[in-house]
Amino acid sequence: MSHKSDLIADDILGYLKAQEEKSLLRFITCGSVDDGKSTLIGRLLWDSKLIFEDQLAALESDSRKVGTQGGEIDFALLLDGLQAEREQGITIDVAYRFFSTDKRKFIVADTPGHEQYTRNMATGASTADVAVILIDARKGILTQTRRHSFITSLLGIKHVVLAVNKMDLIDYDQSKFDQIVAEYNEFAKQLNYSSITAIPLSALRGDNMIEPSANTPWYSGPTLLAHLEDVQVEQDAIEKPFRLPVQWVNRPNLDFRGFSGTISSGRIKPGDEIVVTASGQTSKVKEIVTFDGNLDEAIAGQAITLTLEDEIDISRGDVLAEAKAKPDFADQFEARIIWMHEDHLLPGRPYLIKMGAQIANAQISALKYKVNVNTLEHVAGKTLELNEVGIANISADKALAFDPYDKNRHSGRFIIIDRFTNATVGAGMVNHSLRRATNIKWQEMDINKGARAYQKGQKSAILWFTGLSGAGKSTVANLVEKKLHALGKHTYTLDGDNVRHGLNKDLGFTDADRVENIRRVGETAKLFVDAGVITLVSFISPFKSERQLARSLVEEGEFIEVFIDTPLEVCEQRDVKGLYKKARAGEIANFTGIDSPYERPENAEIVVSTADQSAEEAAEIIVSKLEEFGVLGTWFPEI
Amino acid sequence: MQPNLTHLRQLEAESIHIIREVAASFERPVMLYSIGKDSSVLLHLARKAFYPAPPPFPLMHVDTTWKFREMIEFRDRMAAEYGFDLIVHINQDGVEQGIGPFTHGSSLHTDVMKTESLKQALNKYKFDAAFGGARRDEEKARAKERVFSFRTETHRWDPKNQRPELWDIYNARINKGESIRAFPISNWTELDIWQYIYLEQIPIVPLYYSAKRPVVERDGMLIMVDDDRMPLNPGETPEMKSVRFRTLGCYPLTGAVESEAATLPDIIQEMLLTRSSERQGRMIDHDQAGSMEKKKQEGYF
C-alpha cells in the first residue's frame, strides 16, 4: 500500500499537510499488449490503492468474461476504455491514468505501440518527462523498441526506464538481462537521452515493481515505483531564459492592463527588464498579479498576469522575453515533423501552424528527408504519410518567436492544422531558424562586405529593375552596366529570363513557385552584394510583396528599386517578343498587364520611362542617381 | 526535496492555461455549472484565470427541476456573492410532458431533461465552447477524451476521430455550428479535487457534509426524500440517518452514504479509507457496459 493508511487514520491533518508537498511526474509507457504494458500500469494503479471495490467487482467479472489470464484478475482490463477496443483486445488511442504515492502524483500516458499508432505515441510523449520502454525479456530488443525509443527521443524525453518484463519466463536469468541492457545502451548512443535505467521485472508476478524481488538477488537497483518516485526530471525549464507567451490581455478597466499567460521557461521578478519579441520594445515588470496576491517572483509553469511600467502595444501571440536573451524570431525555420493524418503532407500547400498562442499561415517549403522510424535511416521523399517523420523547411507568412526545441523543450513546438478541415494534421519541433541574420550565427570573416567593396572603390548594392514586359528593363540595365564598367566599377547582372534557364529551371508559374523564384534571385543577389558587387537584377516582379521580400534580404540603403515606368500601350505596341499578342489571343495565361495585375511601386528610389526618354538617357539618369546615393564614390567602411 | 511547484499548483496552472485559451479562441464560451464540487473548483479556477477581471463568460446551469433544494439555494447564493452572470435553462417541453425520474425512469429523464436540454440551451444561445468539469479518472470512457473535445453540429462526439492533442497547444478551429467541450480539470483526480478545496477553502454544497437527513432505502441505495414529489412505496417510511453525498445530481437518482464526516478533513479521510468509487452513487453508469461512452456519443456531457 503506497498511501500510508496509518497516517490517514490517525492524523488526517498531518497527512494532508504532507500531501501538499507532493510533486508531479508525467510519464509514458511504450510497448505492446504482448509486452504486458497494461498489466504493468494496472498493477501500479492497484498497488497505490487507486482501484476501488466496485471497480474491483467489475474487474473480476470482466476477467472471467473476456480476461486473458484464465479467470485470474486481468489488470489489463482496467485500462482499455472504449468498448470496441476492449473487444478487439487492443488500445488504439492515448489514455491518461492517474495514481499517486506519498511522494508523487503520477500521470501516465498509455499509448499503443504498433507502427500505425506512432502519432498516438508522439502525442503521449509530448507531455511526458520519462519514458518507460517495455521489453519482453524472451524477445529482447525488437524493431518496436527502436521505434519507441526514437519517437520518445524525438519529442525530447531525456529519461528512459528500460523495463525488461516477463523475467519470470526466463527464470530471472541475469546474463540474458545484461545482454539486453548492453545491446540497448549501444543502440541508444545515437539518441539524446541523459539517463537510462534498466530494471528486471515481472509485472504479472510483481517482481521489482513495488518491492525488491527475491528472485533477482543479483539486481541491486531501484524497483520501478521507487525509481519513478525519485527520478529527477530536469527542472531546467526554470534555468532557461524567461519566456511568457501572452495568451490574454486583461483589461477590466482603464487603469489596469495586464498580460496573462503561463511562463514557459525561466523566472521573473518585478523590476526585471523584458522585451516584446516581435516589436523589440522593452519595459520593466511592474507587478506579478494573481488572485492570491502579487508575487515577489514567478517561475516556469506558473499561470500569471504581468503589468508593465510602460504603455506598450502587446497582444495575444506576443512573446515576452528576457531582454538580454531574446528568442529567435523568424518566418523560416527547419523543423522535424510528425504527420498525423490520412491526407498526406503536401509541400507548398497552405496550412496553419499554431505555436503557443501564435498562429500563422505556413507552408512546408521543402521536405529535406524522411526518417524511417524503425531504422532511423534517412530516406528521400516528396510527402509525408500518416505516422511518418521528416525534416522540413517551413515558411510562415509572418515571423514567429521560438527557441530551438532541443534547447528549450517548452518552446519551438507547434501543431499543423488543415485550413479546410480544421483537423490537426501534424506536429513539429523547430531545429533552427533559417536565413534571418539575427538568428544565424554568421561565420565571422575578417574580410567582410565593406572591405571587398572598398577594394573596388564602390559601395555594394542591388539595382532592382521592375516594370512591364517590354518596358525596356534589360535594355536599360545593359546600358547602365556598360557605363559602370567603364567607370571601373565591379558589376554583375541577374536577368529574370536567364535565371529560369538554370538556377530556377525547376520552378513553374504557380504562386508558390513565383515566390520561390524571387526568393532565390534575391538570395543570389544578396551574395553578390556581400561580395562587394553592384548587382543589377532585371525582373518584372509585378507584386509589391515580392519586391518587399527581396528588399528585406539586404541592409537598408543597399536595395535600390528602379521602376521602368513605360505605359502598357507602349509596351504592347513594341511587343518585342510577341508575348502580348499571344496573351491577347489567350495562349498565355496570367500575363502581367493583361490578365494579371502589375502593382506599381509607390516609393521606388529611381523612376524612368523609355516612352519619354531614350534608353541611353534613362541609363544616364540612373548612373547620376547612383552617384548621388554614394554607390559610386569611395565608401569608407568601418573595418 | 521541496518541489518547485507542487502537484496541485501544477494542476491549477494547467487548468488556468486551458481556461484562458478557450476564452481567447472562441466567440461565445460558456461555463456549465452543475453545482457539484468539481464545478466549484472549476469556477474558482475561472476566477483565478482572469483576476482582477471577472470571467469573460456566463455560467449556465441545466436544471432538470429534480436537483436537491440545497443545490439550488447554493447556486443562487454563489451567483449573488461572486456576481457572475448565471443562465438557468430548463427543458420546457419536458416539463410540459411531465417527465420525471419516478414516472419515466432514470434513463428517459436524464435523456430529456439533461442531454436534450443541454443541446437545446447550446443551440439557443449559440455557444461555441462549453466548459465542463469532467475528469479523466472518473470513468474509463473519459480517460481518452481530449481537453478540447470536438462536437459536431448535432453535438455528437466521435471517439474514433479525435484530434491529436500535443503539449499545451490546443486546436480551437471549428466551422460554424460546430462546438467544443473544454475540460480544464481533465488531469485532476477525486483526491486532488478534495485536497484543493481544502487548501483553497472553496465553498461547496452542504450536502457533501454529513447531517441527519430523511432517507429511504431503495434497490440498495439510500435515497433522500428531498420534497413531497417523491412517492413512497407501501411500508416505506423515511428514516433520519447521518448521511452525506459523494456526488450530486438529481435527488431521486443519487445515493447517499452513511457517514459521520462533518468536515473536509473527515471527508478526505473517509474517502481514502473506504474503497468504493464516487460514481457508484450514480444510477446512470450501472445500466450496461460502456454506458457512459454511449451517452457521451449522444451528447451527454
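The centres of domain 1 and domain 2 of chain B, taken over C-alpha atoms, are separated by 24 Å. Domain 1 of chain B covers 7–193 and domain 2 of chain B covers 204–286, with bounds that come from an automatic or database domain assignment. Keep in mind that this is a predicted model, where local features need pLDDT of at least 70, side-chain atom pairs count only at pLDDT 80 or more, and totals for chains, interfaces and linings use all residues. As for labels, residues are numbered from 1 along each chain as its sequence is written, while chains are lettered from A and ligands numbered from 1 in the order in which they are written.

So what do the two domains bring to their contact? Domain 1 of chain B puts in 19 residues and domain 2 of chain B puts in 21 residues (two residues are in contact if their C-beta atoms, placed from the backbone, lie within 7 Å). On the domain 1 side, helix H2 (37–50), helix H3 (69–82) and helix H5 (101–125) of chain B each supply at least two residues. Helices (H or I, at least four residues) and strands (E, at least two) are DSSP runs, numbered from the N terminus. That side of domain 1 of chain B has seven nonpolar, five polar and seven charged residues. Here Ala, Val, Leu, Ile, Met, Phe, Trp, Tyr, Cys and Pro count as nonpolar, Asp, Glu, Lys and Arg as charged, and the others, Gly among them, as polar.

Now look for the sheet in chain B. Its six strands form an open sheet in the order E3-E2-E1-E4-E6-E5, with mixed pairing. Strand E3 (86–89) and strand E5 (148–151) of chain B sit at the edges with a single partner strand each, so one side of each has no neighbour in the sheet. Strand E4 (residues 129–131) and strand E6 (residues 179–182) of chain B pair in the parallel sense over three bridges; strands pair if DSSP finds at least two bridges between them. Ala129(B), for instance, has Ile180(B) in E6(B) as its bridge partner.

Next, step out to where the chains meet. There, 55 residues of chain B are in contact with 58 residues of chain A. Helix H1 (7–25), H2, helix H6 (190–200) and helix H7 (264–273) of chain B each give two or more residues to the chain B side, and H1(B) gives the most, with 10 residues. The chain B side that touches chain A divides into 26 nonpolar, 16 polar and 13 charged residues.
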